Amino acid sequence: MNTATATLASKLSVGLHAEQAQPSASAHLQGVQVDFGAQQVLRGIDWQLLPGQVVGLLGRNGCGKTTLLETLLGLREPTAGTAMLFGQPVAGLDDAARARIGYVPQQAELFEWLTPAQLLAYFRSFYPQWNEAKVEGLMSRWDIARDKPIARLSGGQKQRLSIIRALAHEPDLLVLDEPVASLDPAGRRDFLRELVEQVIDRGTTVVFSTHILSDLERVAFNIAFLSQGRIALQAPLDELLESCRLVTGPSSQLQTLLHVRGAARLSAQALDGGRERWLVRFSEGQPALPGALPTQAPTLEDLFMELTQ
Ligand SMILES: Nc1ncnc2c1ncn2[C@@H]1O[C@H](COP(=O)(O)OP(=O)(O)OP(=O)(O)O)[C@@H](O)[C@H]1O
């Protein structure tokens with residue numbers, strides 16, 4: 001891990017638990033429930049994002065990531081519960097608080113008849129602060145034609161433009177819904193570098209959903225797993241990889257292991273021959289040493305498979 005990433009990782013390990021409500025939280029959701037007709041998509045989300053945290057939101061297709069991010073931003077009214085941004089109810093945010101938010105939606109909503117230069121000039125007029133040097137730097141680095149109608153840009157170029165628009169006014173909270181879906185590997189790497197710089201330089205709070213697990217591994221983000229309408233688990237990735245193990249054996253022996261080691265079971269799978277495979281999280285400071293039962297360190301993909309069923 002390089003120094004920048006280590007600094008970032010240490011920043012990220014602060015204040016991870018939703019139950020320890022912090023008055024300074026950038027975003028705070030309490031008991032948020034969202035139903036679409038009879039379908040309960042979010043089932044009582046308690047969640048907070050603290051200044052400088054970078055959270056990768058993981059979950060299977062259709063589990064409610066977009067719904068959660070839209071509710072957090074006040075774009076969708078919850079069926080029950082409350083959403084606060086910067087200490088204000090999201091439904092009644094004042095202009096100053098709005099100006100502190102940057103959002104990259106899953107489908108870039110750009111005015112396609114404008115050129116990138118016109119679009120950025122239009123948005124610049126709404127914000128009290130605008131980092132022209134950053135905009136110009138990213139437009140050149142990401143090779144976006146300034147004077148071509150947006151309709152004629154490629155999907156990846158539109159996504160990059162949407163990211164530039166969201167970063168330009170130096171938001172304190174950046175919400176990105178699958179921001180790298182149309183970016184090539186070089187574009188994704190560049191985007192992640194920009195995010196890391198943003199967090200280290202400005203202490204920006206970032207939450208983004210993605211299906212590209214290798215991107216999260218590269219920057220040691222906090223990971224939040226959304227499953228069955230709830231945040232099943234949130235923790236720094238390094239800590240999860242260190243403290244979790246997949247352990248296989250008869251359930252009575254697995255139960256004893258939990259008891260003796262004071263560990264927690266995160267998931268369980270039935271295997272052949274009456275054995276089970278459990279994802280076990282050992283407590284802090286207690287190394288997850290291999291015991292008598294077959295034990296395997298999980299990858300992020302294993303964690304995803306186990307925690308997002
Ligand atoms: N406006 C809507 N009306 C009815 N159902 C909706 C609406 N928006 C989303 N849903 C449903 O809510 C569920 C969650 O959708 P959402 O888009 O939040 O999932 P997601 O985790 O972002 O999915 P993906 O990973 O595929 O982008 C899905 O079953 C979807 O069909």
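Predicted model: local features only at pLDDT ≥ 70, side-chain atom pairs only at ≥ 80, totals over all residues.
Helices α4 and α6 cross in a right-handed sense, and the contact between them is made by Pro116, Leu120 and Phe123 of α4 together with Leu161, Arg165 and Ala168 of α6.

- Two packed helices are described by the angle between their axes and the distance between the axes.
- For helix α4, which covers residues 116-124, and α6, the axes come within 11 Å of each other and cross at roughly 25 degrees.
- Because angles under 35 degrees count as roughly parallel, α4 is described as roughly parallel to α6.

**The nonpolar core**

- In soluble globular proteins, nonpolar side chains tend to be buried together.
- The largest nonpolar core in this model has 77 residues, and those with the most contacts inside it are Leu72, Val175 and Ile223.
- Helix α6, made of residues 155-168, gives the most to this core, contributing six residues.
- When residues up to four places away in sequence are not counted, Leu72 touches Ala27, Leu29, Ala83 and Val175.

**The strand pair**

- Strand β12 (residues 264-270) and strand β13 (residues 275-281) run antiparallel, and six bridges join them.
- Within this pairing, Ser267 has Leu279 in β13 as its bridge partner.
- The two strands, β12 and β13, form a hairpin with four residues between them, and in the turn Gly273 has a positive phi of about 70 degrees.

Key:
Residues numbered from 1 in each chain as written. Core = buried A, V, L, I, M, F, W, Y, C linked by C-beta atoms within 7 Å. Buried ≥ 20, exposed ≤ 12 C-beta atoms within 10 Å, placed from the backbone. Contact = placed C-beta atoms within 7 Å. Pairing = 2+ DSSP bridges. Axes fitted to C-alpha atoms, helices over the stretch in contact; angles between N-to-C directions. Parallel < 35°, antiparallel > 145°, perpendicular 65-115°, else oblique. Left-handed = near helix turned anticlockwise from the far one by under 90°.
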